[in-house]
Amino acid sequence: LEASERQRQSVVTELATANQSLEELQCRHFEDLGRQEQLEVQIVEYIAEAKGQLEESEAELASTQRILKKLQDEASAAGTERVEIAELAAATAVRELEVLQACLLYTSDAADEEDSVEHGGRGCNQKKKKTNI
């Protein structure tokens with residue numbers, strides 16, 4: 001009877017030890033589950049933050065592309081205006097050269113004529129004062 005009582009005590013002790021180990025494992029399991037849930041929450045928050053940053057970046061990119069397009073359009077328009085201004089300036093310069101050439105021809109012809117001399121250093125667009133010698 002004594003041997004069976006010792007055996008029973010040994011089994012009870014082993015069961016108590018196993019039960020305590022089981023409780024410790026369950027506690028760790030619940031702690032791990034808690035950590036896992038925390039990690040899952042952190043991951044969800046991180047993903048939401050990353051999506052927000054991505055949306056902001058996409059909005060900034062779209063804004064930058066709109067600004068770039070506007071600047072390209074303005075540069076293109078300015079280039080066209082510059083070409084038009086350059087063409088006007090060239091046409092004006094040609095007209096001024098034609099007037100100058102006419103003035104030089106007039107002055108040259110007048111110099112060939114000994115009886116007509118221009119006084120006062122005036123250009124051909126101004127009234128001429130001629131004197132007969």
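**Close-up views of a predicted model**

**View 1. Ile43 in helix 1.** Ile43 lies in helix 1, which covers residues 2–112. The model shown here is predicted. Ile43 has a relative accessibility of 48%, so this residue counts as partly exposed. The cut-off for exposed is over 50%.

**View 2. A nonpolar patch around Ile43.** Four residues make a nonpolar surface patch: Leu39, Ile43, Tyr46 and Ile47. The patch comes to about 430 Å². Ile43, one of its members, is the helix 1 residue of View 1.

**View 3. A negative patch of glutamates.** Glu55, Glu56, Glu58 and Glu60 form a negative surface patch. Glu60 is one of these residues and lies in helix 1.

**View 4. Glu60 at the surface.** Glu60 counts as exposed because its relative accessibility is 53%. Exposed requires over 50%. Ile43, at 48%, is partly exposed. Both Ile43 and Glu60 belong to helix 1.

**View 5. The elements in order.** From the N terminus, the order is α-β-β. The helix spans residues 2–112 and carries Ile43 and Glu60.

**View 6. Burial and surface of the protein.** Of the 133 residues in the protein, 2% are buried. Buried here means under 20% relative accessible area.

Definitions and conventions: Residues are numbered from 1 along each chain as its sequence is written. This is a predicted model: local features need pLDDT of at least 70, side-chain atom pairs count only at pLDDT 80 or more; totals for chains, interfaces and linings use all residues. Side-chain values use heavy atoms; hydrogens and water are left out. Patches are made of residues with over 30% relative accessible area and no salt bridge: like charges are joined within 9 Å, nonpolar side chains (Val, Leu, Ile, Met, Phe, Trp, Tyr) within 5 Å. Accessible areas come from the Shrake-Rupley method with a 1.4 Å probe; for residues, only the protein chains shown count as cover. A salt bridge is a side-chain nitrogen of Lys or Arg within 4 Å of a carboxyl oxygen of Asp or Glu. Helices (H or I, at least four residues) and strands (E, at least two) are DSSP runs, numbered from the N terminus. Buried means under 20% relative accessible area, exposed over 50%, partly exposed in between (1.4 Å probe, protein chains only). Lys and Arg count as positive and Asp and Glu as negative; His and the chain ends are not counted. The place of a charge is taken as NZ of Lys, CZ of Arg, CG of Asp or CD of Glu.
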